[in-house]
Amino acid sequence: MVNECASALLEGLFPNHCCLCGLRSHRDVPLCPGCEGDLLPNGCCCQRCAVPLAAGSGGPLLCGGCLQRPPAFGRVIAPWLYSEQLAHLIHRWKYRGETRLTSLLAHLWLREIPSHGAVDLLVPVPLHWRKLWRRGFNQSDLLCRQLCRMRPEIASGGYRGDLVRRVRPTAAQSGMSAVERRRNLQGAFTTRGACATLRVAIVDDVFTTGATAEAMARTLRAAGASAVDVWCLARTPPPGG
Ligand SMILES: [Zn+2]
Ligand SMILES: [Zn+2]
């Protein structure tokens, strides 16, 4: 009750405006209910890599890629499709440094995943130190922290920003084929400290081809993690899809 009054007072004094339409959002996140309703949930998707699948295909929902070449991670939880609206929000957050959007993005993730089974540890996708220095923050690290703050029970051991390290810079991956991406990421990650028997979730903003998640999952499994899932905000459609 006290919290509700405080947030109503704050909203009256410092009204939030919607990041997408610019109107007052009338709640404590900068996104109005109408624009939030325009975001596209990733409803029917592969149970392993969360790639969107045609609705009503029936049977176990695995895509051809996962059937042919099972990934190193257990499953991807990506509740939203990478729509134009979400791309806009993520771009502002990541490349324009609007880190106040972190709580909005965590709210969107948690809204769609109200009771996902807990893991032991959240692990952000690390940036190479040079990139971290240029950008000033690691967006995936911010998201981990915010998820733990808003819903501590989702990871009993909280998050470990230093568990996985990116030991060499990698080239930007857009435009690369799957084979080129795998080659680009070979030996890019190492772990610091033990993670034996831990159930880990790698946290990232957008899941595209999964090459980064695959390389990290291999590293974590080699260090003893008993299960590695991937938690992402959004999933891109398959190439040409
Ligand atoms: Zn709006
Ligand atoms: Zn799949």
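Reply: The expected span of a helix is 1.5 Å times one less than its number of residues. Helices (H or I, at least four residues) and strands (E, at least two) are DSSP runs, numbered from the N terminus. This is a predicted model, in which local features need pLDDT of at least 70 and side-chain atom pairs pLDDT 80 or more. Residues are numbered from 1 along each chain.

Me: How far apart are the end C-alpha atoms of helix α7?
Reply: Helix α7 covers residues 139–150, twelve residues. At 1.5 Å a residue it should span 16 Å, and this agrees with the distance between its end C-alpha atoms: 16 Å.

Me: How many of the residues of α7 are buried?
Reply: Buried means under 20% relative accessible area (exposed is over 50%, partly exposed in between, with a 1.4 Å probe and protein chains only). The buried residues of α7 include Leu 142, Leu 143 and Leu 147. α7 is mostly covered, and of its twelve residues the number buried is nine.

Me: Which residue caps the N-terminal end of α7?
Reply: The cap is a side-chain oxygen that lies 2.9 Å from the backbone nitrogen of Ser 140. That oxygen belongs to Asn 138.

Me: What is the geometry at the site of the zinc ion (ligand 2)?
Reply: Donors are N, O and S atoms within 2.8 Å of the metal (3.2 Å for Na, K and Ca). Here the protein donors are the SG atoms of Cys 46, Cys 49, Cys 63 and Cys 66, lying 2.3 Å from the zinc ion. Four donors count as tetrahedral if all angles lie between 85 and 135 degrees. The angles among the four donor atoms are 105 to 116°, and the site is tetrahedral.

How values were computed:
Chains lettered and ligands numbered in written order. Heavy atoms only, no water. Tetrahedral: all angles 85-135°; square planar, octahedral: opposite > 155°, others 65-115°. Polar contact = N/O pair within 3.5 Å; in protein donor to acceptor, adjacent residues only side chain to side chain.
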